[in-house]
Amino acid sequence: MKTALFADIHGNREALAACLAHARRHPFDRMMFLGDMVGYGADPAWCVDTVREAVARGSVALLGNHDEAVSGADPDMNQDALAAIEWTRSRLDGDQKHFLRNLSLLVEEGDTMFVHSSAAAPHAWNYITSPRDADACLRYTTRRIVICGHVHRPQVFHAMDRRPIEAFTPMHGAPIPLLRQRRWVAVLGSVGQPRDGNPAAAYAIFDSVQGTLTQYRVAYDTDAAARKIRAAGLPERLASRLYAGQ
């Protein structure tokens, strides 16, 4: 099965629309959204509705920390993020909030776990940014592959018995063979707010039959997304960082 994977959309309509259009040129069987549909961006309602409609047609969506924060949790967020969540709450209706509130933390299928943050206490919203973090993640699951988001920087970690965990940055459009003699933690890039110095939106396609993961970067109308953020009165940094991918 080929699954198109979208993580950390963050209310960025232009980025999600561009990724969906790009993905449709690469045949896939279903879509999966790995959390944080909202936060930061100016189109949370459109993004939630788009994901909700996809789920109604058989796609899967998971909970992210920004999605959870909409329900009034006490998030460990900076002031810009908190301001965006407060604004987002006022833009979502009851059905949209109900959809976010009832998302699952993770999905396990075969030898793969899909989760927003880490297999190590998924609800703690831990970041995977180092081999040590990847090792902790793998220690909490028997699954051979963990695919997650949350970090906004694409990175792939792989482990073999009695060897140090290694990491590399995936290349656009290059399939990564997830060799069976290794265990893997694949951190997806962000659709709506990349932070790896590349402003292009990110998504991936996972082929569970061939055992490959291909990450893609897609240019989108950054000007339109930033203009909407400014027009909404959200913090300026949420607009300016889209251009730098930081």
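**View A. Helix 2 and helix 5 pass each other in a left-handed crossing.** In this predicted model, residues are numbered from 1 along each chain as its sequence is written, and side-chain values use heavy atoms, with hydrogens and water left out. Local features need pLDDT of at least 70 and side-chain atom pairs pLDDT 80 or more, while totals for chains, interfaces and linings use all residues. Left-handed here says that the near helix is turned anticlockwise from the far one by less than a right angle. Helices (DSSP H or I runs of at least four residues) and strands (E runs of at least two) are numbered from the N terminus. The axes of helix 2 (residues 44-56) and helix 5 (residues 94-101) come within 10 Å and cross at roughly 60 degrees; axes are lines fitted to C-alpha atoms, for helices over the stretch in contact, with angles from 0 to 180 degrees between N-to-C directions.

**View B. Here are the side chains behind that contact (heavy atoms within 4.5 Å).** Helix 2 brings Ala45, Val48, Asp49, Val51, Arg52 and Val55, and helix 5 answers with Asp95, Gln96, Phe99 and Leu100. Sorted by class, that is six nonpolar, one polar and three charged residues. Ala, Val, Leu, Ile, Met, Phe, Trp, Tyr, Cys and Pro count as nonpolar, Asp, Glu, Lys and Arg as charged, and the others, Gly among them, as polar.

View C. Pairing takes at least two DSSP bridges between two strands.

**View D. Strand 6 (residues 145-148) and strand 10 (residues 183-187) run parallel, joined by four bridges.** In one of them, Ile145 partners Trp184 of strand 10.

**View E. The largest cavity has a volume of about 70 Å³.** A cavity is a set of points on a 1 Å grid over the protein atoms alone where a 1.4 Å probe fits but cannot get out, and lining residues have an atom within 4 Å of a point. Volume is the space filled by probe spheres set on the points, which are joined across faces, edges and corners. The lining counts 16 residues, with Asn12, Gly41, Ala42, Ile229 and Leu242 nearest the centre. Helix 7 gives the largest share, three residues.

How values were computed:
On a 1 Å grid over the protein atoms alone, a cavity is a set of points where a 1.4 Å probe fits but cannot get out, and a pocket is an open set with protein on both sides within 12 Å along at least five of seven lines; lining residues have an atom within 4 Å of a point.
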